[in-house]
Structures are given as C-alpha cells and as structure tokens.
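Q: Could you walk me through this model? I'd like to start with the helices and then go on to the side chains.

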Amino acid sequence: MTPPDRKELDVRRMLAGPLPAVPADLASRAAARGGVLRRRRRALRRLGWWLLLTAAVAFLVWASLARPWVVPSESVAPPLEGW
C-alpha cells in the first residue's frame, strides 16, 4: 500500500479544519457583478451585430456602384496588334 500524497493530505486537512467566514453581502455582490457582466456582454454582442450589418450595407453599396460582376469594356486597354 502506498502512502497518501502530500497534496491530498493538505486538502484533507483544509477541508477538516475550520471553515472561513462568508461575508453577509456575498450573494448580493455576486448578483450585482453578474448583472454588470451580462449587460457588458449584451452590449458587446449588439455592437458586433451592428458592425456586421454596417459592413454588409457598405459592401452592398460598393457592389451596386462598382458592379464587379460586369465584364470591363474593351476600351480599357488598346488592342494588341502586330504580334
């Protein structure tokens, strides 16, 4: 039989010892912090969607003005003759 690990003994000693005192307002502080984090996450998500929508609109405006799907006219470059 192997002797118990030192770390395991330390954990068992901490669990068997006196428990630390928990602040009375711990739950209310945790709830407030959770609310702040939720609002921050929601704001970042809305900002991300707004940026995505703005980029999509900008792309559509550029595509409607530049029309990259249209073949350029032949007058862009002079014809190659005499080769």
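A: One definition comes before the rest: the expected span of a helix is 1.5 Å times one less than its number of residues. Please also keep in mind that this is a predicted model.

Q: OK, so how far does α2 reach from its first C-alpha to its last?
A: Helix α2, which covers residues 26-66 and has 41 residues, reaches 59 Å between those two atoms, close to the 60 Å expected at 1.5 Å a residue.

Q: What follows α2?
A: The residue after α2 is R67, and its phi is positive, near 45°.

Q: And how many helices and strands are there in the protein chain?
A: The secondary structure of the protein chain comes to two helices and zero strands. The other helix is α1, residues 6-16.

Q: What's the radius of gyration of the protein chain?
A: The protein chain has a radius of gyration of 33 Å, whereas a compact globule of 83 residues would have one near 12 Å. Taken along the principal axes, the C-alpha atoms fill a box of roughly 95 × 45 × 15 Å.

Q: What share of the residues is buried?
A: Buried residues make up 2% of the 83 residues in the protein chain. The chain exposes about 8,400 Å², and carbon and sulfur atoms supply 67% of that area.

Q: Changing topic, how many salt bridges does the count come to?
A: The count comes to four salt bridges, where a side-chain nitrogen of Lys or Arg has to lie within 4 Å of a carboxyl oxygen of Asp or Glu. One of them joins R6 and D10 at 3.2 Å, N to O, and another joins D10 and R13 at 2.3 Å, N to O.

Q: Why are R6 and D10 about one helical turn apart?
A: R6 and D10 are separated by about one helical turn because they are four residues apart in helix α1. D10 and R13 also both lie in helix α1, three residues apart, again about one turn. In general, an α-helix has 3.6 residues a turn, so residues three or four places apart point the same way.

Q: Are those side chains buried or exposed?
A: R6 counts as exposed at 56% relative accessibility, and R13 counts as exposed at 56% too, while D10 is partly exposed with a relative accessible area of 24%.

Q: Which partner does R29 meet in a salt bridge?
A: R29 meets D25, at 3.9 Å from N to O. R29 is partly exposed, with a relative accessible area of 45%, and D25 is partly exposed as well, with 38%. As for shared partners, salt bridges join R6, D10 and R13 into one network.

Q: What about aromatics, how many pairs does a search of the whole structure find?
A: The search of the whole structure finds one aromatic pair. The pair is formed by F59 and W62, with 5.8 Å centre to centre and 40° between the planes, and is tilted. F59 and W62 both lie in helix α2, three residues apart, about one turn of the helix, and W62 counts as partly exposed at 45% relative accessibility.

Q: Last one: which residues make the nonpolar surface patch?
A: The patch, of about 430 Å², is made by L44, L47, W50 and L51. L51 lies in helix α2 and is partly exposed, with a relative accessible area of 45%.

Note on methods. Residues numbered from 1 in each chain as written. Predicted model: local features only at pLDDT ≥ 70, side-chain atom pairs only at ≥ 80, totals over all residues. Heavy atoms only, no water. Patch = residues over 30% accessible without salt bridge, like charges linked within 9 Å, V, L, I, M, F, W, Y side chains within 5 Å. Areas by Shrake-Rupley, 256 points an atom, 1.4 Å probe, with all protein chains shown as cover. Buried < 20%, exposed > 50% of the residue type's maximum accessible area, 1.4 Å probe, protein only. Phe/Tyr/Trp six-rings, centres within 6.5 Å; stacked < 30°, edge-to-face > 60°. Rg over C-alpha atoms; globule rule 2.2 N^0.38 Å.
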